[in-house]
Each structure stands twice: as C-alpha cells, then as structure tokens.
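The following exercises are to be worked with the sequence and the model at hand. Each task is followed by a stepwise solution.

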Amino acid sequence: MDHHIGQLVQWLQETVKESNTNGLVVGLSGGIDSTVVAYLIKKAFPEHSLGVIMPCKSHDQDADDAQIVVNELGIDAVTIDLTEQHDALFDTIKQQIQSKQDWDNEKEQLADANLRARLRMSTLYTVAANYNYLVVGTDNAAEWYTGYFTKYGDGGVDIVPLLHYSKAEVRELGKALGVPKAIIDKAPSAGLWDGQTDENEMGVSYNEIDAFLNGDSVDDDAAEKIEMMHQKTAHKRALPKSPPDFHHFTLE
Ligand SMILES: Nc1ncnc2c1ncn2[C@@H]1O[C@H](COP(=O)(O)OP(=O)(O)OC[C@H]2O[C@@H]([n+]3cccc(C(=O)O)c3)[C@H](O)[C@@H]2O)[C@@H](O)[C@H]1O
Ligand SMILES: Nc1ncnc2c1ncn2[C@@H]1O[C@H](COP(=O)(O)OP(=O)(O)OP(=O)(O)O)[C@@H](O)[C@H]1O
Ligand SMILES: [Mg+2]
C-alpha cells in the first residue's frame, strides 16, 4: 500500500496546484474513510490541511473518535456543532409543509438525515472558501457504485481520492498509514440515526460489494441488490439532466 499512498499524496498535491488553491479540508466523522483522507491530506499538505468535526445529533463517540484522530495525527482542526442549526431549519421546513397538510411522516427520518449531510457540506464549503482550500470527499468505490451517499451532501465535494479503492482496501490504506486500530475495526455507519450501520441499511455487506466490484462471485440476491442500487442512483453520479439543445449555443 505504500506505493499507493505515495501516488495519492502526489495526486493531491498536483490537483491543488492545478486548481490554484492552497490546501485541503475534510469533514472528520471518526470513521475509517474520513480518517484515511485526513492522514493523506496531512501528508500532502502538512501546513495546509484542515479537519472539521461537525456533531449534528450524532453520537458523542463519533466526535470523540474524530478528536483521537486529530490528536494522533496532529492535523489542524475545528469543531462546528450543527445541532441547533439543523433543528431550527428542519422544524421550520416541517411546520410550513405541515400547514399545507402535505407532511409525509414516513419520509421524515431520511429527510432529517439528508439535511444533516447537506448542512455539513455547506459548512465545509464556507470553511474552504475562507482558506481557499478544496473540499475533499471520502467516498470509496463501494459507496460510489451503490450511490450510498447523500446527493449534494457528503457527495457534494471537489475531489474524491478514494474513489477507486474498495472498503477493504481503504482499511489496508488505514493500516499502512498508522490509523488507530479501533477506528479501522469500527462498523461503518453514516451516524444519521440510532443504530444505523451501512450494511444493515443497504442489506448487503461491504465484503459482498467489494467482491462484486472485483468480478468475484457473490450470491444472486446480493448481486441483484447491488445492481438495483447502482441503477437507482445513476443520477447522483451524473450532471443535472437538461433538455436537448433547441438552439445554437455551444456549451461544455
Ligand atoms: N431519477 C432521478 N433523477 C434525478 N434526480 C433524482 C432522481 N431520483 C431521485 N432524485 C433526487 O435525488 C434525491 C434522493 O437522493 P438523496 O437525497 O441522496 O437521498 P437518498 O438516496 O434517498 O438517501 C441517501 C442515502 O445515503 C445514505 N448516506 C447518506 C449520507 C452519508 C452516508 C454514509 O455512508 O456516511 C450514507 C443514507 O443513509 C441514505 O440511505 C431525491 O429527493 C430527488 O431530489
Ligand atoms: N460528525 C461528523 N463530522 C464531520 N464530518 C462528518 C460527520 N459525519 C459524517 N461526516 C462526513 O461525511 C462523510 C461520509 O460518512 P461515512 O460514514 O461514509 O464515512 P466515514 O464515517 O469516514 O467512514 P465509515 O463509512 O466507515 O463510517 C464522512 O467521511 C465525513 O467526511
Ligand atoms: Mg461513518
């Protein structure tokens, strides 16, 4: 993995240079994906990398784990608690839609969760603009393929260095980078509601998704679920759809 780390660090440095920005910022959740990204950006830009811890009705353990990463790695960091802002915005939206008698209780949990991811995205862009940094995404190959991210939330980023790495490979990168074992061994979770784990919600394991993407055999049920998720989320990996060009402009 050392070879990959060297190449990823070089790629990060070149990408920042080409974009005329000064460095990189990432949201730190205490999970393995953002921790690996934090270690990479700190290597690439020891003086110009920043981690942002954004509690938002999330477990204290997440912020505690993120703080362990900050202490171990010595990366510059800031904590911005979004709980009150989320409550205020979500309640206002809910009240207004309820007054039209249109509120759908069944959609509430996911709507609430996705707003957290989008508030984090807005926060990261506000911080990034201040420092002239790029916002670094943490999606790995399994999340990208299945679309297991919030559109314009944790999916709303400038660059995605782990895109070609399976979840198992992200863990390998973590080991090679010296990430604390407790973080490598943690069950992947978006932390969006109590007891949520990625694998429970998706109904397939990362091992199955990794195997599927490697072209290894997985059972039919898992393969069908993975393909279904991939198809349903194609819009998240594409530019916004637009009508055909009815006139003469040439746009890229
Ligand atoms: N065909 C289509 N063409 C264009 N746009 C389409 C569309 N279908 C839906 N849409 C739009 O997309 C929206 C649905 O997408 P989205 O808002 O992303 O919402 P959705 O995919 O329903 O939910 C996000 C999923 O990602 C998971 N997640 C989120 C954040 C972090 C993590 C993590 O691993 O840490 C995981 C979360 O638990 C949940 O399962 C719709 O409201 C609609 O606006
Ligand atoms: N409490 C938080 N504070 C800051 N950023 C967060 C927080 N929760 C989520 N994020 C951001 O959203 C990203 C998506 O979360 P996701 O759960 O997929 O990654 P992870 O927590 O790093 O790893 P894992 O998937 O193993 O839990 C995180 O990598 C991080 O950048
Ligand atoms: Mg997580």
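**Exercise 1: The recorded positions**

Determine whether E143 is buried or exposed.

Solution. Step 1: E143 has 26 other C-beta atoms within 10 Å and is therefore buried; the term requires 20 or more such atoms, exposed means 12 or fewer, and partly exposed lies in between, with C-beta atoms placed from the backbone. The model is a predicted one, in which local features need pLDDT of at least 70 and side-chain atom pairs pLDDT 80 or more, whereas totals for chains, interfaces and linings use all residues. Residues are numbered from 1 along each chain as its sequence is written, while chains are lettered from A and ligands numbered from 1 in the order in which they are written.

Step 2: E143 lies in helix α6, residues 141-146 (helices are DSSP runs of H or I with at least four residues, strands runs of E with at least two, numbered from the N terminus). Beyond four places in sequence, E143 touches Y148 and F149, a contact being two C-beta atoms, placed from the backbone, within 7 Å.

Step 3: An unreviewed UniProt entry lists D33 and E143 under "binding site"; such annotations may be inferred rather than shown by experiment. The two are spread over 111 residues of sequence, yet their largest C-alpha distance is 10.6 Å.

Step 4: D33 belongs to helix α2. With 23 other C-beta atoms within 10 Å, D33 is buried. Leaving aside neighbours within four places in sequence, D33 is in contact with T138, N140, L162 and V170.

**Exercise 2: The shell around ligand 2**

State how many residues surround ligand 2, and which element gives the largest share.

Solution. Step 1: The shell holds 22 residues, the closest being G27, G31, S34, T138 and P188; a residue is counted if its C-beta atom, placed from the backbone, lies within 6 Å.

Step 2: Two or more residues each come from β1 (23-27), α2 (32-44) and β2 (49-53). The largest share, 3 residues, is that of α2.

**Exercise 3: A helix pair**

Describe how α1 packs against α2.

Solution. Step 1: Helix α1 (residues 2-18) and α2 pack at about 65°, with axes 9 Å apart. Axes are lines fitted to C-alpha atoms over the stretch in contact, and angles run from 0 to 180 degrees between N-to-C directions.

Step 2: The contact is formed by L8, V9, L12 and Q13 of α1 together with L40, I41, K43 and A44 of α2.
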